[in-house]
Amino acid sequence: MVRGIRPLVSGTTYAGALFAVLGAMASIPAAIVAMVAALAVVRSAAEPVQAAVALLIWAALLGVGGLARTSRRVLVGVSRRLLRLDLPDPVGANPGQTSESAFQVDGAPLPSVRLRGADRWRTPLWVLLHVALGWVLVSLGSLLVLAAIVLPACFLVGGVKLDWFDRTIQVSGGWQGLWTVLPAMLLLLLTAGLCAAVTAALRALAPRLLGPSAAERLALAAEREMVLAGRNRLAQELHDSIGHTLTAATIQAAVAGEVLAEDPVSARAAMRSIEETTRAALEDLDYVLGVLREENAATAPTRSLADLPELLDRLRHAGAVVEPELSGERELAQVPGTLSRAAYRILQEGLTNALRHGNGGLIRVRVLAAPDGLELSVANENAAAAPPVAGRAPSSGGFTSSGRGLAGLAERVRLLHGEFEAGPDGARGWRLAVRLPNRVSA
């Protein structure tokens, strides 16, 4: 009993009824155009024919309006608010159109969706049914409410005659008209039931006609996968950048503290280097947080092999002995942008861990750009030579004990179809070697 009455007193019922009425009212301009067009086309035809033609033209106008992608977006948004439905936004509803996302991986766009056959006509069908239900509610509901008002009015005005299907009903006034109150209450109850039925019909039809099609559900799944991949990429970028900055800044602060009294010039140089590295890390952090909050973040930092000399200088300020072997500027400038950025991050991670675990030994850096790819290596002396365990990152020897450094580098190289090798180099050394072909995955 209570369950049957609940829809009649629910705010969602009357919000849905308002939605249906709004649909009916919004269709009035199209109805006027349809009637004018019908009179112009079949002026001499009988009235039923003119009405049928006007109805067809009206339906065609409503259907064409429903084909617009903007119409569907508006309908989905209003349905979410008034019908209390969880409907996702349409994804790439226009053929060939692509969506943008802050979580794109190396600039790859999100998948586009091409609507086919019945999927394309789902929104026009929703518009027609929405308008039809709206007019049913407006017309029948108005009659019910009007009758509910007229019957009790007879109790006040002293009687009235009602013509109903060629029959005349005499309603007496005065206290004899009290019997009209119960039918009036029943009519109001029927009006509430009509609102509940229309709302239930709209709530049942909306997910089927405005909700995502099979193609859109696949696109949404692909988008979520790309969002997750983008978040993983941002986590790796943040790990590389902040990890390098903290390691370098810690060592530089220790150097500055040791030479502050004896060599103020070197101490000031170390402090300036700390300022530069932390500023760069703050830029990375600001960008990543802006993306995760879905704000308009600043332009993504695009450090590449062109910034490698600056990175090596920061290591030298931290007291590291670095011996670079680099290809010429011209060869490095010809490395594709995606490959160059990935190479910079790989070298940054390798150098950071060599600085952290190398115990002050010599660090050799090799970057060789060839027409068919890029060869990178970072080798440091005096690192522990514990052999790596398959499937796990070593706890020393140039990589962090959490395993994120080695695992992240291996995953990055795999995505670029490259070759990855990390392990002991001699009795007291460690070597990271990477080869990246001159082609990248999307």
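**Exercise 1. Salt bridges**

How many salt bridges does the structure hold? Take the R80–D89 pair and find its N to O distance and the exposure of each partner.

Solution. The structure holds six salt bridges. The term means a side-chain nitrogen of Lys or Arg within 4 Å of a carboxyl oxygen of Asp or Glu. This is a predicted model, in which local features need pLDDT of at least 70, side-chain atom pairs count only at pLDDT 80 or more, and totals for chains, interfaces and linings use all residues. Residues are numbered from 1 along each chain as its sequence is written, and side-chain values use heavy atoms, with hydrogens and water left out.

Step 1. Side chains of opposite charge can pair when their charged atoms come close.

Step 2. Look at R80 and D89. Their closest N and O atoms are 3.1 Å apart.

Step 3. Apply the exposure classes: buried is under 20% relative accessible area, exposed is over 50%, and partly exposed is in between (1.4 Å probe, protein chains only). R80 has 32% relative accessibility, so R80 counts as partly exposed. D89 has 42%, so D89 is partly exposed.

**Exercise 2. Bridges across the sequence**

Which elements hold E325 and R366? Where do D372 and R435 lie?

Solution. Elements here are DSSP runs, numbered from the N terminus: helices are H or I with at least four residues, strands are E with at least two.

Step 1. E325 and R366 form a salt bridge, at 3.6 Å from N to O. E325 is in strand β3 (residues 321–326) and R366 in strand β4 (residues 362–370), so this pair links distant parts of the chain, 41 residues apart.

Step 2. E325 is partly exposed at 47% relative accessibility. R366 is partly exposed at 29%.

Step 3. E325, R366 and E375 are linked in a network of salt bridges.

Step 4. Turn to D372 and R435. Their side chains meet in a salt bridge of 2.9 Å, N to O. D372 sits in the loop between β4 and β5 (373–381), and R435 sits in strand β7 (residues 429–437), so the pair ties together parts that are 63 residues apart in sequence.

Step 5. D372 counts as partly exposed at 48%, and R435 is partly exposed at 26%.

**Exercise 3. Helix α13 and its partner**

Describe helix α13: its span, its cover and its contact with α11.

Solution. 

Step 1. Helix α13 covers residues 337–357, which is 21 residues. From first C-alpha to last, α13 reaches 30 Å, close to the 30 Å expected at 1.5 Å a residue. The expected span is 1.5 Å times one less than the number of residues.

Step 2. In α13, 17 of the 21 residues are buried, and the helix is mostly covered.

Step 3. N359 follows α13, with a positive phi near 55 degrees.

Step 4. Two packed helices are described by the angle between their axes and the distance between the axes. Axes are lines fitted to C-alpha atoms, for helices over the stretch in contact, and angles run from 0 to 180 degrees between N-to-C directions.

Step 5. Helix α11 (residues 308–317) packs with α13 at about 10 degrees, the axes being 11 Å apart. That makes α11 roughly parallel to α13. The classes are roughly parallel under 35 degrees, roughly antiparallel over 145, roughly perpendicular from 65 to 115, and oblique for the rest.

Step 6. List the contact (heavy atoms within 4.5 Å). From α11 come L308, L311, L312, R314 and L315, and from α13 come Y344, L347, Q348, L351 and L355. These residues divide into eight nonpolar, one polar and one charged. Ala, Val, Leu, Ile, Met, Phe, Trp, Tyr, Cys and Pro count as nonpolar, Asp, Glu, Lys and Arg as charged, and the others, Gly among them, as polar.

**Exercise 4. A crossing pair**

Are α2 and α8 roughly parallel or roughly perpendicular?

Solution. 

Step 1. Helix α2 (residues 11–26) and helix α8 (residues 181–209) pack at about 75 degrees, with axes 8 Å apart. That makes α2 roughly perpendicular to α8.

Step 2. Name residues in the contact. In α2 they include T12, Y14, A17 and F19, which meet residues of α8 including A192, C195, V198 and L202.

Step 3. Sort by class. The contact of α2 with α8 has nine nonpolar, four polar and one charged residues.
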